[in-house]
Structure formats: C-alpha cells, structure tokens
Amino acid sequence: MSEYHSAISKLNERSRTILREIVDSYLATGEPVGSRNLARVLPMALSPASIRNVMSDLEHAGLIYAPHTSAGRLPTQSGLRMFVDGLLEVGNLSAEERDKLEAQIVVRRSKSLDQVLTEAGEMISGLSHCAGVVLTEKQVARLKHVEFVMIEPTRALVVLVDEDRNVENRLIDIPAGLPPSALVEAANYLNAHIRGLTIAEARSAIDADLAKSRAELDQLTQKVIKAGLAEWSGVHDDRKSLIVRGQANLLKDLTAIEDLERIRQLFDDLETKRDLSQILGLADHADGVRIFIGSENKLFSLSGSSLIVAPFRDGERKVVGVLGVIGPTRLNYARIIPMVDYTARLVSRVLT
C-alpha cells in the first residue's frame, strides 16, 4: 500500500468527499472553492461552518491551501497525488475516440515506426488537448546505401540511407591529406557489405571482415570505414529519440496570468529534452500508466506540470519506448489516463 493510500484510509468519508470536491472544482475551473459553494454541491448535508472545520483539518494535513487570505481552497501537490492515487474514478474512452486512435495507428502498418509514433503523438495531443510526447530507442533500420562526401580537408559527411528511405547525415573526422579515392573505396566496400543489415549487424560483420581484408584495403580507407561505423552506431548519441507534438494545445484554456507563466516555463523545460528523456525513462521498467505531478520530478518543479505516460512493447514483450501527455497539473486525469493506456496498447499491437 502506497503512503497516499495509507493516508486516504485515515481520512473519514466526510474529509474524502470534501477533498474530492475541491480537486474536482480545481480541475474544472482552476479557481479556489469556498465552504459556501461546497455546501451547495456536496452529496451530504453539511453547514458551511462544518465544512470549514474539515477544510482546516485538510489544510493542516498539507492537502489543501489558501492562495489568498480570504480565498477558498486549492489542492496542494500532495492533495492532487492523493486524489489521483485513491479518489479518482477513471472513465472509459468513447467508441469514437477508440475508433480515431485505431484508424490512425493500427491501420498504418505500411508506415515506418517513426511515422507511426509521430502520428500517435499528434493524435493523443489532439484528443487530450495537451502536448503529446513519445520516447523510444533510435530505430534499428535496415541499411540500403552509404556515401562519403568530403567537405573540409579533415572532415567528411556520411550520408546513410535505410530501407524506409530515411536519410541520416553525420560528420566524421578523416586523416589529413586523404585522397578522394579513399572515400569512394570506403563507400564501395560498405555498400557491398551493409545492404539489408541493421547498424549493429553491419558493424559486427564489417569489424570481423576488416581483420581479414587488411591487405586488400588501404590503411586510410580502413580509418574512414571505422569512423563512419562509430558515428552510425551512436557513440556520440544517447540513442534515444524524443517526439513532442501539440505544444500549442498548452496555450488553450488558460485561466490566469499564473497559468501563462507556468506554460512559458514549460516551453523552456521542453527545450531541454535531455531531462525529459530521463523522466520518461523512469517508465521503462513499469507496467501500466505512470503519473508524475509537479516537483515529483526535477524538470517540472518550477512549471507546475504533470506527465502521464505508459510503456509500449515489441513482439518479444520488451519495453521499447513510452508515450503520453504533458500539461499543467489541472489535467482531466479521468479521461487522459485511459487514453494514454489505450494508445500505448495500440502501438504495442502494431509492433507485434
């Protein structure tokens, strides 16, 4: 039992109901709610004075707070977490929402995984009115063709084409005074060996073959080949691919200047990407939906944001990425949680 489930069990029914109403009001309007308004909507008959007593206890427990002296109450981060963990009633996606996601994702089997994931991020962003995020390992594409183009005396451009017609360019260092013929020879050698292989398979095969071909290949040509292989294999990369779609959705439904400032900070946070990758990576080893609220992660400690993500798997049931949404803490958790879960399951289906 989590600490929040344990804390919830210590609250009586009256306290749980009032906390739920305060959070529901915050998620719907973003505004503080007072005892008189609560008295009108509570399913039990309580006077404003009795409600204020309960609110005082909830505030003392760190679950709600007053943004201004005479204002109503808003949930704290702990109050939101308690609500999500133990008081939230998660809904189901409508048949129309399921059909939209399936039409966009499952029917796209002819497209590359990058395209599927990009469209999944766009779809979940549009349906949730948040920013969609997808993190996955860089694609293990089958190789088709490679070229080397000298751009400086000691620098060359590697142009790599895979079977999905994706093109990747990387700069490599080459020995000074390298003749153009060495680049041509390196490209011819690689194109004779890489077709239909993944980058990892190509590097393994060529490393083994180079040991047998040292007498046939010029030493400088071997250096070009090894430099190109090292670059393709991601030596200078974190081997993660991050897709963020629908940031403009974060600008909708703002209720206060404070919200706009949080969104501005969130845009700045999204630009860092490395931290976002690390946070998304926390979901790599978990089943089901994970929810990060506010300062539960360092990236969003200043922006008052929430991240809802779920892992997706390949045909061997191995987690190969995570997807979800990011937005202010005032999210429609009941609707977005099943949406993220269902989208991750659809992507897993495409990969099997």
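Helix 6 (residues 95-105) and helix 7 (residues 113-128) have axes that come within 9 Å and cross at roughly 160°. Axes are lines fitted to C-alpha atoms, for helices over the stretch in contact, and angles run from 0 to 180 degrees between N-to-C directions. Helices are DSSP runs (H or I, at least four residues), numbered from the N terminus. Helix 6 and helix 7 are therefore roughly antiparallel (angles over 145 degrees). The crossing of helix 6 past helix 7 is right-handed, a term used if the near helix is turned clockwise from the far one by less than a right angle. From helix 6, Glu97, Lys100, Leu101, Gln104 and Ile105 meet Val116, Glu119, Ala120, Met123 and Leu127 of helix 7. Contact means heavy atoms within 4.5 Å. The residues of this contact comprise six nonpolar, one polar and three charged. Ala, Val, Leu, Ile, Met, Phe, Trp, Tyr, Cys and Pro count as nonpolar, Asp, Glu, Lys and Arg as charged, and the others, Gly among them, as polar.

The model is predicted: local features need pLDDT of at least 70, side-chain atom pairs count only at pLDDT 80 or more, and totals for chains, interfaces and linings use all residues. Residues are numbered from 1 along each chain as its sequence is written, and side-chain values use heavy atoms, without hydrogens and water.

Helix 2 (residues 13-29) and helix 4 (residues 48-60) cross at roughly 85°, and their axes come within 10 Å. Helix 2 is therefore roughly perpendicular to helix 4 (65 to 115 degrees). Arg14, Ser15, Ile18, Leu19 and Ile22 of helix 2 meet Ile51, Val54, Met55 and Leu58 of helix 4. Seven nonpolar, one polar and one charged residues make up this contact.

Helix 2 also packs with helix 5 (residues 77-87), at an angle of about 110° and with the axes 10 Å apart. This makes helix 2 roughly perpendicular to helix 5.

Arg98 lies over the face of Tyr342, 4.5 Å from the ring centre. For such a placement, CZ of Arg or NZ of Lys is within 6 Å of the ring centre and within 35 degrees of the ring normal.

Definitions and conventions:
Helices (H or I, at least four residues) and strands (E, at least two) are DSSP runs, numbered from the N terminus. Angles under 35 degrees count as roughly parallel, over 145 as roughly antiparallel, 65 to 115 as roughly perpendicular and the rest as oblique.
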